[in-house]
Amino acid sequence: MDDKYKFIDFLGLRFNVANDLSALVAAILVFILVFSLSRKITMKPGKAQNVLEWMIDFTDGIVKSAFPDGSGSRFSLYAFVLFLFIFVSNQLGLIFQIKVDGFTYIKSPTTNPIVTMSLALVSLMLAHYYSVKKFGFGTYLSNYARPVSFLLPINLLEEFTNFLTLSLRLYGNIFAGEVLLALIGTVAKSFGLVSFVIAIPVEMIWQGFSVFIGAIQAYVFTTLSMVYISRKMEKE
Amino acid sequence: MASLLVLGAGKLALGDMLFILISFILLSLAVKHYAWGPVTKMMDARSEKISGDLDYADQERARADKLSKEREEALKNSRAEAIEIVNKAKDNGDSQKKAIVADAHSEAENVRTKAKQDAEKAKQDAMQDAQDDIANLSLEIASKVISKELNADDQKSLIDSYIKELTVNNETK
């Protein structure tokens, strides 16, 4: 889209203010959500604790389906935070976008490929780290030539396609959703009241669908992260 | 997207990556400290408690089963015992009754026979007395009548024989 972003160069690094601010807002929202749900932890759970435990059970289910032998419990926290962070990030831009003087400051952080690539990188780095930790570096390298050696180039290529598909799937879905929201918004403004009235239900429908897509993509991202990690931790 | 990656004036948006990474790690730590840790701990404690409670319930049920079985057994035993006691008492009573009745019978028999014997004896005594009296009387009469000194003993035996005939005749009559 034609959004303009403010950039800050600091210590030779380039910061996109919109990305960072949105990610920060999403992280704070996740923390507020989880913090407020975990105030009274008791043996007999209250409403808030039930919600929190339901979410934990949900992400634990994702982890367990990727690690059927139950060895994935150390990734439960990662899956939980990842899922909530991506979910809140996806919904953030649907709820509000802040533009000041034509510069976007708050939006869905996942509408930017850099953000999704960072998250995918975290997942894949975890996968490689735990693979090396489990097998040792030699076996980790030889795992690329499994099950048969001529698959080596395909396995190497797969690492990159995994990274790209994991990050760009999330980015594409959320970005397309917001592009379409913006398009419907411009349609609403194009012919005055008539188009406005027509566009409102369409916008509502697409917003609801985007909430759905955001949830699905958060689920898909978390599931695939866990699958990649578990695949790196077994000999094929 | 390509512009985002390339157009950073020759700079990759590494800052964003770092920022996301750091904020994600901080978020994870905060979530772990404030929510994940306590909640998962409580969930583990709860599952432990539930399994413990289930085990305890199983044990208690087994114990209750055992107790009720024992009680039933004891009840059955006590019923059998009670029946036995009642039967015994009945038997005892019966035998005692029989013994008492038999005793009473035999005593009554004894009394009767004794009474009979007594009566017989009395009768015989009376008869004897009467015989003696009659003998003496008739002796006296005879001595007076015949005035002949008779041996008293001969006389007596003679009279006895008369009297016997007499009584025999009387009885046949």
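Predicted model: local features only at pLDDT ≥ 70, side-chain atom pairs only at ≥ 80, totals over all residues.
A:Thr110 sits in the loop of chain A that runs between strand E5 (103-106) and helix H4 (113-135). The residue counts as buried because its relative accessibility is 0%, and the cut-off for buried is under 20%.

Leaving aside neighbours within four places in sequence, the residues in contact with A:Thr110 are A:Ser89, A:Asn90, A:Thr116, A:Leu170, A:Tyr171 and A:Ile174.

## The interface of chains A and B

Chain A brings 45 residues into contact with 34 residues of chain B. The area buried between chain A and chain B is about 3,600 Å², and carbon and sulfur atoms give 81% of that area. In chain A, the residues that lose the most area to chain B are A:Arg14, A:Met43 and A:Ile114. Together, these three residues account for 20% of what the side of chain A buries.

Between chain A and chain B the count is 1 salt bridge. The side chains of B:Arg46 and A:Glu53 meet in a salt bridge, with 2.8 Å from N to O.

Several elements of chain A give two or more residues to the side that touches chain B. They are strand E3 (13-16), helix H1 (17-37), helix H2 (47-66), helix H3 (76-95), H4 and helix H6 (152-190). The largest share, 9 residues, comes from H1 of chain A.

By residue type, the side of chain A that touches chain B divides into 29 nonpolar, 9 polar and 7 charged residues.

## Chain B on its own

The secondary structure of chain B comes to 3 helices and 0 strands. From the N terminus on, the order of its elements is α-α-α.

Chain B has 173 residues, and buried residues make up 15% of them. The accessible surface of chain B is about 13,900 Å². Carbon and sulfur atoms hold 58% of that accessible surface, while they give 81% of the area buried between chain A and chain B.

Conventions: Residues numbered from 1 in each chain as written. Chains lettered and ligands numbered in written order. Heavy atoms only, no water. Helix = DSSP H or I, 4+ residues; strand = E, 2+ residues; numbered from the N terminus. Buried < 20%, exposed > 50% of the residue type's maximum accessible area, 1.4 Å probe, protein only. Contact = heavy atoms within 4.5 Å. Buried area = accessible area lost by both parts, 1.4 Å probe. Salt bridge = Lys/Arg side-chain N within 4 Å of Asp/Glu carboxyl O. Nonpolar A, V, L, I, M, F, W, Y, C, P; charged D, E, K, R; others polar. Areas by Shrake-Rupley, 256 points an atom, 1.4 Å probe, with all protein chains shown as cover.
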